Amino acid sequence: MIAKGKYHFGPITDEDEVVTVTLSEDMKVENLIVDEYESRINFRKNGKLPDPRIMIPQIQTMDVFDDDIFICAYKKCGTHWVWEMVQMIVNGKAEYYSKAKACCMLEFHLPDEYSDLQRPRIFNCHFTPKCLPKQAFEKKCKMIIIERNPKDILTSQYHHLKLFPQFSLPWSDFLKSVYTNDRNVSSNWFFYRKQWSDFLSSSDNPCLVLKYEDIKQNTLASLFKLADFLGYPREETFLKEIQEKCSLEKMRDMEKLRESGTELVNSDQVSKLYRKGVVGDWKNNFTVAQNEQFEALLKTKLNGVDVNYTYEL
């Protein structure tokens, strides 16, 4: 018997926006959409994550301090990696946080659970700007936006989903589900990318855009950028300590030893999220035809958006 979590998931009503998503001929799922945030209903019923109908409005109206920091990225862009770097820079110690980054992930908790966090609070999320706290914009909180080439994102996301026993889609069906997703939700990478592009072109919030590939190619330079942006200038010797501590191998091992930060997964499952972390792994999954189709989609779906990504190093 699966243990129930601490959150209550209320009944679905006629007022809720529910969509049926076809993943393959044999697999259909029902998703709940709340203000550009989409979640699978079956994943929420066990109460290990908050009900989005309660969570999203509470996050949008939550109280924010002007020194709160928000790390925003699409899934599989290196959020764990950058969040750990940021907390080390801010705290002035090359030491891992006592819990995984899920403890500060907006999608995993209700705002009142953050009351005991030490300031400055370092949040992370996969939200579009619309779902972030309104006060984050009013108080001009610092935001770190992480981007990654979408082919590696999809490859990493596919292998991530394969960790779950209920996921049995072949790669071609997974890609088809991505290509046919025309919903205005954060799980749709094309929509997500467009929303953040529009935000960055018009917002006066202090924002730092980091590219995953740049961090991989020159981690130390990226750490200097982070420290300067955050207002915590650090010595090169200290930043090199962070670079070593935040290697994929060390972080993978470390995740097994600390709390996962959520009821949803345990520490061992968090550790397994660290797979290869390389640039260019997409070439092991995409066929020539699939690559050509994706390139065409980039041009049509993201017309006017900078899609100049690094696909190999």
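What volume does the second largest pocket have? The second largest pocket has a volume of about 200 Å³. This is a predicted model, in which local features need pLDDT of at least 70, side-chain atom pairs count only at pLDDT 80 or more, and totals for chains, interfaces and linings use all residues. Residues are numbered from 1 along each chain as its sequence is written, and side-chain values use heavy atoms, with hydrogens and water left out.

**Pocket and cavity**

- A pocket is an open set of points on a 1 Å grid over the protein atoms alone, with protein on both sides within 12 Å along at least five of seven lines, while a cavity is a set of points where a 1.4 Å probe fits but cannot get out.
- Lining residues have an atom within 4 Å of a point.
- Grid points are joined across faces, edges and corners, and a volume is the space filled by probe spheres set on the points.
- Ten residues line the second largest pocket, and the closest to its centre are Tyr97, Lys99, Cys103, Glu113 and Leu117.
- By class, four residues of that pocket lining are nonpolar, three are polar and three are charged; here Ala, Val, Leu, Ile, Met, Phe, Trp, Tyr, Cys and Pro count as nonpolar, Asp, Glu, Lys and Arg as charged, and the others, Gly among them, as polar.
- The structure holds one cavity of 30 Å³ or more, and the largest cavity contains about 80 Å³ of space.
- Residues lining the largest cavity include Tyr74, Cys77, Glu147, Arg148, Trp189, Arg193 and Tyr309.
- Helix 7 (189–202) and strand 6 (142–147) each supply at least two residues of this lining, and helix 7 has the largest share, with four residues.
- Nine residues of the cavity lining are nonpolar, none is polar and three are charged.

- A nonpolar core is a set of buried Ala, Val, Leu, Ile, Met, Phe, Trp, Tyr and Cys residues joined through side-chain atoms within 4.5 Å.
- Buried means under 20% relative accessible area, exposed over 50%, and partly exposed in between, with a 1.4 Å probe and protein chains only.
- Helices (H or I, at least four residues) and strands (E, at least two) are DSSP runs, numbered from the N terminus.
- The largest nonpolar core has 84 residues, of which Phe70, Leu106, Ile144 and Ile242 touch the most other members.
- Helix 3 (residues 79–91) gives the most to this core, with eight residues.
- Apart from this core lies another, of five residues, among them Val21, Leu23, Met27 and Val29.
- Ile242 is in contact (heavy atoms within 4.5 Å) with Met85, Met88, Ile89, Ala94 and Leu223, leaving aside its neighbours within four places in sequence.
- Helix 3 is largely enclosed by the rest of the structure, because twelve of its 13 residues are buried; among them are Thr79, His80, Trp81, Glu84 and Gln87.
- From first C-alpha to last, helix 3 reaches 18 Å, close to the 18 Å expected at 1.5 Å a residue; the expected span is 1.5 Å times one less than the number of residues.
- Just after helix 3, Gly92 takes a positive phi of about 70 degrees.

**Other buried sites in helices**

- Thr155 lies in helix 5 (residues 150–161) and is buried, with a relative accessible area of 1%.
- Thr155 and Asp281 are 126 residues apart in sequence, and their C-alpha atoms are 7.2 Å apart in space.
- Glu213, in helix 8 (residues 212–217), counts as buried at 2% relative accessibility.
- Not counting residues up to four places away in sequence, Glu213 touches Glu147, Arg148, Asn149, Val279, Thr310 and Leu313.
- In helix 6 (residues 171–179), the buried residues include Trp171, Phe174 and Tyr179.
- Those buried residues of helix 6 pack against strand 1 (17–24), helix 5, helix 7 and helix 13 (288–301).

**Backbone exceptions**

- Most residues other than glycine have a negative phi, and most peptide bonds are trans.
- Asp35 is not a glycine but has a positive phi of about 50 degrees; Asp35 is found in the loop between strand 2 (27–34) and strand 3 (37–40) and counts as partly exposed at 33% relative accessibility.
- Lys76 has a positive phi near 70 degrees, is found in the loop between strand 4 (69–73) and helix 3, and is buried, with a relative accessible area of 15%.
- The peptide bond from Arg119 to Pro120 is cis, with omega near -5 degrees.
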